[in-house]
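This report describes one protein model through its strand pairing, surface, salt bridges and model confidence. Please consult the sequence and structure shown here alongside the text.

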Amino acid sequence: MNKKKRITILVIPDGTEKTKRFSISIGIIKAAVLVIVIIGVSFLTLIYSVFDQQYRSHELFKTKKLVVEQNNQIMNFSNKIQDLQSRLESLQQLDMKIRILANIENPRTNNNTTYSMGGPTLDMGGYSIPSSDVNKGMLVKKMNMDMNELLSKTGIEEQSLHQIYEGILDKKDILLATPSIWPARGWITSPFGMRIDPFTGKRALHEGIDIATQTGNPVIAPANGIVTHAGPDDGFGNAVILDHGYGVTTLYGHLSRVDVKVGQIVKRGQLIGNIGDTGMSTGPHLHYQVMINGVPVNPMRYLIGSSQ
């Protein structure tokens, strides 16, 4: 029977001490080395596992933080798109109102363009944060499409407002020459049209409107113009006539005082005289008359607001 292989270790001390001998089986040595290796590998595995777990936790925290930041950016982008849409709708409504007030035609209503004022709006209320990255990518793509459409509409609206600006510049002089504000505050006691003349008792055309108020109250120019008459004028007593250009003239009769002179340029809202009872008058009032190319027309066509 074979003997097991052994390793003998001699320990030779200094001096006179005896030499010591140790004998160890090779199998035990192998087992000890194997145990040490297993313990070392296990320790290294444990250390790697701890560091790997810490790394994964850190990466997971960074990922969650990035997702939160992305979601916040998407919501902020969504809010900005909706705010831009609301502002564009307000601009479209303002565009329409200005065109109506300035009597400027909208050329887009006379062609086949797909864009029109106050038209269908984008569906901006459906944005919600999806859970998957694929769906988020689709959402961002939709938001980009919505933004591009808004930018396109904004460009068209910019062109429209520029056209309105040019139209208003073209009509500025006409607008300033249009007698649109009340020359005096008071009560209309006799409108434009046929009536019984208080002095002749016969039916006759009343070529203006009578605004009754207290003597001395101000009379102002309802539009820019040049004074062509300032002083007595038969039945109108003290009167002023303004030439506003474009064939438009206005007359102010029965004044107690005239504050302008012939040839003077007046601006809208400027004082031209005071309410009186001069000429053929039954009491303090202003006879206000508008003429187009010398033909009397109803002043109410041009006046804005109330006389009170």
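## Strand pairing around S8

Strand S8 (residues 225–232) is joined by 6 bridges to strand S9 (residues 238–245), and the two run antiparallel. Strands are DSSP runs of E of at least two residues, helices are runs of H or I of at least four, and both are numbered from the N terminus. Two strands count as paired if DSSP finds at least two bridges between them. Pro232 stands opposite Asn238 in S9. The two strands form a hairpin with 5 residues between them, and Asp234 in the turn has a positive phi of about 45°.

S8 is also joined to strand S11 (residues 265–266), by 2 bridges and again in an antiparallel arrangement. In this pairing, Ile226 stands opposite Ile265 in S11.

## Basis of the model

This is a predicted model, in which local features need pLDDT of at least 70 and side-chain atom pairs count only at pLDDT 80 or more, whereas totals for chains, interfaces and linings use all residues. Residues are numbered from 1 along each chain as its sequence is written, and side-chain values use heavy atoms, with hydrogens and water left out.

The average pLDDT (the predictor's confidence in each residue, from 0 to 100) is 81 for the protein, and 87% of the residues score at least 70. Over residues 110–125 pLDDT stays under 50, and the model has 29 contacts beyond four places in sequence for this segment; a contact means heavy atoms within 4.5 Å. Where pLDDT is low, the predicted coordinates should not be read in detail.

## Overall composition

The protein has 2 helices and 14 strands. Of its 308 residues, 29% are buried; buried means under 20% relative accessible area, exposed over 50%, and partly exposed in between (1.4 Å probe, protein chains only). Among contacts between residues at least 6 apart in sequence, 62% join residues at least 24 apart.

The accessible surface comes to about 20,200 Å², of which 59% belongs to carbon and sulfur atoms. Accessible areas come from the Shrake-Rupley method with a 1.4 Å probe, and for residues only the protein chains shown count as cover.

## A nonpolar surface patch

A nonpolar patch of about 780 Å² includes Ile7, Phe22, Ile24 and Val41. Patches are made of residues with over 30% relative accessible area and no salt bridge; like charges are joined within 9 Å, and nonpolar side chains (Val, Leu, Ile, Met, Phe, Trp, Tyr) within 5 Å. Strand S1 (6–11), strand S2 (20–25) and helix H1 (26–102) each supply at least two of the patch residues, with the largest share, 5 residues, coming from H1. Ile24 is found in strand S2 and counts as partly exposed at 31% relative accessibility.

## Salt bridges

There are 3 salt bridges, each defined by a side-chain nitrogen of Lys or Arg within 4 Å of a carboxyl oxygen of Asp or Glu. In one of them, Arg56 and Asp52 meet at 2.8 Å, N to O. These residues are 4 apart in helix H1 and are therefore separated by about one helical turn. Arg56 is exposed at 54% relative accessibility, whereas Asp52 is partly exposed at 22%.

Asp210 and Arg195 form another salt bridge at 3.5 Å, N to O. Asp210 lies in strand S6 (residues 209–212) and Arg195 in strand S4 (residues 193–196), so the pair ties together parts that are 15 residues apart in sequence. Asp210 is buried, with a relative accessible area of 8%, while Arg195 is partly exposed at 25%. Asp259 forms a salt bridge with Arg257, their closest N and O atoms being 2.7 Å apart.
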